[in-house]
Structures are given as C-alpha cells and as structure tokens.
Amino acid sequence: MSNQTTYEFLYAPQGDVLDQYYTGRDRVTMIMGPLGSGKTTVSCMRVFDQICEQAPDAHGSRKSRWIAVRNTYPDLTGTTIKDWSDLYHNEHTQLGKFNKDFPPTHHLDFDLEDGTRVIAEVVFLALDRPDSVRKLRGLQATGFWLNEVKELDKAIVDMCDGRHGRYPKDVPPSWHGIIGDTNAPDTDHWYYELAEKEHPEGWTFLRQPGGVIGTVTGPPSKRVTTWKPNLNAENINNLPDGYYIKQIQGKKGDWIRVNLGNEYGSVSTGKPIYQGVWNDAVHVSEHKLLPIPSVNKLLLGFDFGRTPACIVGQLMPNGKLRVLRELIATSMGIRSFMDMSVIPCLKKDFPTFDIKDMEAYGDPSGVAKSGNDENSPIGILNDEYKLTTYPTATNIPLRRWESVNEFLMSTIDGVQAFELSKCCEVIRKGFNGGYQFRRLNVSGEKYAEAADKNKFSHPHDALQYLSQGAQGEINYAWLDQHLANSESNQSVIADSVSGY
Ligand SMILES: Nc1ncnc2c1ncn2[C@@H]1O[C@H](COP(=O)(O)OP(=O)(O)OP(=O)(O)O)[C@@H](O)[C@H]1O
Ligand SMILES: [Mg+2]
C-alpha cells in the first residue's frame, strides 16, 4: 500500500449530456460543448473512474495505462496537466508520483476500500502533427483521452484507435477505447463528417446545449443578433454568475456562435445570410427524411441556368415545410438536368407520387426563352415534362430570404416549422455559413447587399423559390396565359394541318 490517506471524490455531472459522457462505455465517446461546460472535468473524472473499474489481476492489482493527448506541449502543460492535477495531484491529494520528465506521467498507486490496489499510469502526450504519432510507438495503452479533439489531426485519432486495448496483459482490459472533448469545429472538419454524416459504429458523439441562444432582428444585410442565456446550459452552477452572457461583449458573432452557442461554425470571410436565424441543432432532421404519403403533393423549387438546382419538399397541413432532397448539377441545361438527375430521383425516392401530384416553382426570369431555345425553362417543364411549374411572384432577394426566414423562425405547436433532411448537405453547409454576403474590400466590416454566387447559392435560390411557392407567392396568371397560348398554338397547327 502506497498511500495511507483516505480520499473521497464527490462528483456529479451537472447536465444530462455530461452524465451520458461520464457513464458511457462505448468504444469511442466524444462530447462537444461550449466553453466552460465541464468537458475537461468530466473527462478527468471518467478516466479516473475507469482506472478504478479495471478488473484486478491475480495479485489484486487493477492495472491500466491511459494516454492523455493534446495538440501542443504548451497546451498540454498549461491546461491538460493542470486540470488533471487540480483534481488528482496537488497539495491536498497525492495518489502517486507525478514524473514531469518526458513524457509527463502520473503514476497512480493507491488502495481501494475493497482491498484491491490501483496501479495506473496517465501519460500526457502532445501530438500536433501526424508524424508525432511516432511518440506513441511502444506505448501499450488501455485508453486514450483526447483533450480538445478539434485541434487534432484525423490521422492522430486513427493511430490512437489502433493502439488501445493492449494493456493490461495478464487480465483483459475491462474496457478499452477513446474518449474526447471539444468545442464545436467547422462544418468541413473531420469531426463533423463523422458525427453528422458517417456515424461510425461504436462511436458516440454527444452535443451539449449552447450557453447562449441568439435571436435576430433587422433586414438580412443589417441583421442584429441578440443573445440571451440558455437556461438549459450545463455546468452553469459551477460557473460565475452570467458566465456566458457576459462573454458576448466585444466578440464577433461567429465566435459567439461557436464558442458559446456550441454551433458548428464554418470559416468564412463573408457574412452568413441566415446567421442567427438558422440553428443547425434544431433545423436538421436526425435521419434522412421520407415523404409523408398522406400529404399527396410534392413541391419542387427550381433554379435554372447552367448550374441548375432542384429542391424537393412537402408542406404539411399544419404549415410546416419539410425539405426532403437537394439535386444539383453543373454545366447542364434544364432538359439534361431533368432526364439525368431530377426524374431518376423522383422515381427512386418518391415512387408513389405521380408527376401530376407535384407542383414546381422557379425564378420568374425562367419564363424568358434562353439562347436559341424555342421555349423557356418554366415552359419546358410545363409542356415537355407535364410538371405544373409556376414562376414565383418576385425574385427580389430580400423577399426570397424573408420567405425562408418565415419558416425558420416559426414554430407550430412547439415544433420548428422548418425541417431539413440530413441528406441535404449542400443546403446545410450553405445555412451554416457557405451561403453568404461577400465581404467588401474596404476597411471595416462591410458586406455586399447581394448573396455571393457560389456552390451554395444555386440550391439556396431553389429553396427560396420552393418556400415562396409553399407560401402561395406565385404568379398564377403567367401559367394560365402560357397554357392558353399553347392551346391556341395547338389549334393553329391543327387548323393548318387539316387545311392540307
Ligand atoms: N462537477 C463539477 N463540480 C464542480 N465544479 C465543476 C464541475 N465540473 C466542472 N466544474 C468547474 O467548472 C469550470 C469549467 O469546467 P471545465 O474546465 O471542465 O470546462 P470545459 O468545458 O473543459 O471548459 P473549456 O471549454 O474552457 O475547456 C471549472 O472551473 C471546473 O472546475
Ligand atoms: Mg476544457
């Protein structure tokens, strides 16, 4: 026995998500949360609990080895080791020697009340580059704790994943795997890919509530976001009063959203158009959405031009807009787009819906004939594809954004009035910042009034026409006129044919 003092650690995670992370025993568990949400503390406590949970060997020794990983050495010593030591190696608590040489290692050695002995190592390593994985060579580990996961290269996580479960040797590890904590990364980060798209088996990704919630007022290019404390935030009882709300002072919206709001943030120099209105955590479905058969209509929004886009949705009787699919193409006219992308998708994903069960809406400029085509894109959809397609009443950008905002900002019986299928990845990235006002090349923060034309703008335009259509903001008269013209053209042709 190495230690005569008795310690009792009283710890209760302050929040459901913290609790799931603390008690989870999947192969890999990651937690994403705002600043100060208790992530590092709960990670330390979980490592410690699991060290004590390791089954004893024949001599009654519970042996394990954990590797605590941080991206850089200064962060490792200044934060990770410090946070660990605050709990388990300080003037009040001595559970074994802490060797500060390389690599810094806490050699835990103490007895439990049941008479067994805990002999464990927590090795602290900085792994900032993929090749720093060499430092892991020869280390036989039970588990890894990745502190601030978003700073780590994916190659490092992969290497760690292949190196746990190798210790102890004389009894099998009672558990082995990886745990990790992080602030919200960008939407183009590997973490986002795994957590939101790939869902690897055995990996659990947990997301804490944000510390603040934003509401937006004002016109799109001059929006003001007002932040208020989120009463569901975790760990607030252990933080100073007004911890989150006081931090918003002097901070940029992006910073607040990611660090305090716990929303995925994309790095962009422009200003996201739906900033503050879009909330990735509440507007995206958990699974790929399927059509509701009882709603016997599909709505399609079209953006025309050489980079066409089509968004498929359904309007529920209660007024909720469900966005089901996004179809996007480049260097394609409307006919090729329909033949190669839209029609095959409709047949495959919506087999019970006939073309007469669908209604489409498009840019009003889509009624103009283009190039040497005899017909306009909206005319082609109506005449050749028998898809009832209306031009919307206006294509003024402000009105189009407002139309989407109305869905995003409304709730119906406590449920969001807008739901985006998880499979609509481009639309989602656009909402998360890719669809933006371009930053003007002048001093100060000034932005263009128009949306930047980029890969996100075409599907977003199509979504705007879809939501305008869903709200009945349609130029009905155009279609009546078009159909009347086509009929009279047909009868002229019929007359001239019969005249022969
Ligand atoms: N269960 C708890 N009981 C008491 N205090 C706690 C508890 N959990 C966390 N704290 C305290 O709350 C504060 C924030 O905790 P912690 O550092 O773990 O958060 P974090 O999410 O890792 O923050 P950051 O994002 O800054 O890394 C710390 O002062 C910590 O001591
Ligand atoms: Mg931390």
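Strand β9 gives the most to the lining of the largest pocket, contributing five residues. The structure is a predicted model, in which local features need pLDDT of at least 70, side-chain atom pairs count only at pLDDT 80 or more, and totals for chains, interfaces and linings use all residues. Residues are numbered from 1 along each chain as its sequence is written, and side-chain values use heavy atoms, with hydrogens and water left out.

**The largest pocket**

- Two or more lining residues come from each of β9 (212–217), β10 (224–229), α8 (280–283) and α11 (397–409), the helices being DSSP runs of H or I with at least four residues and the strands runs of E with at least two.
- By class, the lining has eleven nonpolar, 13 polar and three charged residues, with Asp, Glu, Lys and Arg counted as charged and Gly among the polar.
- Because domain 2 (212–271) and domain 3 (298–475) both give residues to the lining, the largest pocket lies between them.

**Helices α12 and α13**

- The axes of α12 (residues 425–434) and α13 (residues 457–470) come within 9 Å and cross at roughly 95 degrees, which makes α12 roughly perpendicular to α13 (65 to 115 degrees).
- V426, I427, G430 and F431 in α12 meet P459, H460 and L463 in α13, contact meaning heavy atoms within 4.5 Å.
- The residues of this contact between α12 and α13 divide into five nonpolar, two polar and no charged.

Definitions and conventions. Chains lettered and ligands numbered in written order. Axes fitted to C-alpha atoms, helices over the stretch in contact; angles between N-to-C directions. Parallel < 35°, antiparallel > 145°, perpendicular 65-115°, else oblique. Domains from an automatic or database assignment.
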